[in-house]
Amino acid sequence: MRRSAAETREHVLTVAHDLFYWHGVRAVGIDRVAREAGVAPTTLYRLFASKDDLVAAYVEHNGHGYQQWFTEATRADGRHPRERILALFDALIDQVQPDQCRGCPFLMTLAEFPDRELPAHRNAVAVKRWVRDRFRELTDALAAVSPIADPSALADQLTVTLEGVYASVQAHRADWPARQARAMAELLLDAHRA
């Protein structure tokens, strides 16, 4: 059965994700992506003009998935904003299990592509900015129902707490960084009560 161009693109991105995330972007060549995706290199280059374009699309694709996960974990479904924030850290415990997580793909991309002009770098920064903005929305929602001294500072601290889990999970290979982050989030929420 032949795939449409859109289906082929999605398939290549799925294969690229598995290769880039688990082995590193620079360690995986475009020929390997094409081979493991079962497409000709010319097909891959019709979909992505260069490896840089493929990497940028990989980061963007991961970003959409991560944003969906974050949004679902913190959805406004009648829960108190504090509960929504803590629910994210509860969901994080499951997300960072060793069989599915070796760290943050956006941090790894930033480490491999430090040039701020590259689309992959810009896409990774955009996801990080989005996360911080969502935390700010959550802390603003919390401040609307509970006095908070500084919602912006709380958002920054929650963002750094979340980032710490992704930065340490590969070294520790267990969920304890996420469990500690959940406890730290509770302490931060309590400390910021006005």
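Which backbone oxygen does the side chain of R84 reach, and at what distance? In this predicted model, for which local features need pLDDT of at least 70, side-chain atom pairs count only at pLDDT 80 or more, and totals for chains, interfaces and linings use all residues, the side chain of R84 reaches the backbone oxygen of T74 at 2.6 Å. Residues are numbered from 1 along each chain as its sequence is written, and side-chain values use heavy atoms, with hydrogens and water left out.

## Overall architecture

The protein chain holds nine helices and zero strands, where helices (H or I, at least four residues) and strands (E, at least two) are DSSP runs numbered from the N terminus. Read along the sequence, the pattern is α-α-α-α-α-α-α-α-α. The C-alpha atoms fill a box of roughly 60 × 35 × 30 Å, taken along the principal axes. Of the 194 residues in the protein chain, 45% are buried; buried means under 20% relative accessible area, exposed over 50%, and partly exposed in between, with a 1.4 Å probe and protein chains only. Among the contacts in the protein chain with a separation of 6 or more, 68% are accounted for by residues 24 or more positions apart, a contact being heavy atoms within 4.5 Å.

## The setting of R84

R84 is placed in helix α5, which spans residues 81–95. R84 is buried yet has no salt bridge, and the nearest side chain of opposite charge, that of D77, is 5.6 Å away. Here a salt bridge is a side-chain nitrogen of Lys or Arg within 4 Å of a carboxyl oxygen of Asp or Glu, while for charge Lys and Arg count as positive and Asp and Glu as negative, with His and the chain ends not counted. Leaving aside neighbours within four places in sequence, R84 is in contact with A73, T74, R75, A76, R79, L138 and A141. Two of these residues, R75 and R79, are also linked with E72 and D77 in a network of salt bridges.

## Helix packing

How do the axes of α5 and α8 cross? The axes of α5 and helix α8 (residues 151–172) come within 11 Å and cross at roughly 5 degrees, and α5 and α8 are therefore roughly parallel to each other. That contact is made by I85, F89, L92 and Q95 of α5 together with L158, T161, L162, V165 and Y166 of α8. Axes are lines fitted to C-alpha atoms, for helices over the stretch in contact, and angles run from 0 to 180 degrees between N-to-C directions; angles under 35 degrees count as roughly parallel, over 145 as roughly antiparallel, 65 to 115 as roughly perpendicular and the rest as oblique.

For helix α1 (residues 5–23) and helix α4 (residues 51–73), the axes come within 10 Å and cross at roughly 90 degrees, which makes α1 roughly perpendicular to α4. On the α1 side the contact is made by R9, E10, V12, L13, A16, H17, F20 and Y21, and on the α4 side by K51, L54, V55, A57, Y58, H61 and N62.

## F106 in helix α6

F106 is found in helix α6 (residues 105–112), and at 3% relative accessibility it counts as buried. Not counting residues up to four places away in sequence, F106 touches V59, N62, G63, Y66, A124, V127 and K128. F106 and K128 are 22 residues apart in sequence, and their C-alpha atoms are 7.8 Å apart in space.

## Salt bridges

| Pair | Closest N and O atoms |
|---|---|
| E36 and R32 | 3.0 Å |
| R132 and D156 | 2.5 Å |
| D140 and R136 | 2.8 Å |

R132 lies in helix α7 (residues 119–145) and D156 in helix α8, so the pair ties together parts that are 24 residues apart in sequence; D156 is partly exposed, with a relative accessible area of 35%. E36 and R32, by contrast, are four residues apart in helix α2 (residues 30–37) and are therefore separated by about one helical turn. E36 is partly exposed with a relative accessible area of 42%, and R32 is partly exposed with 27%. D140 and R136 both lie in helix α7, four residues apart, about one turn of the helix; D140 counts as partly exposed at 35% relative accessibility, and R136 is partly exposed with a relative accessible area of 28%.

Technical notes:
A polar contact is a pair of N or O atoms within 3.5 Å; within protein, one must be able to donate a hydrogen and the other to accept it, and residues adjacent in sequence count only if both atoms are side-chain atoms.
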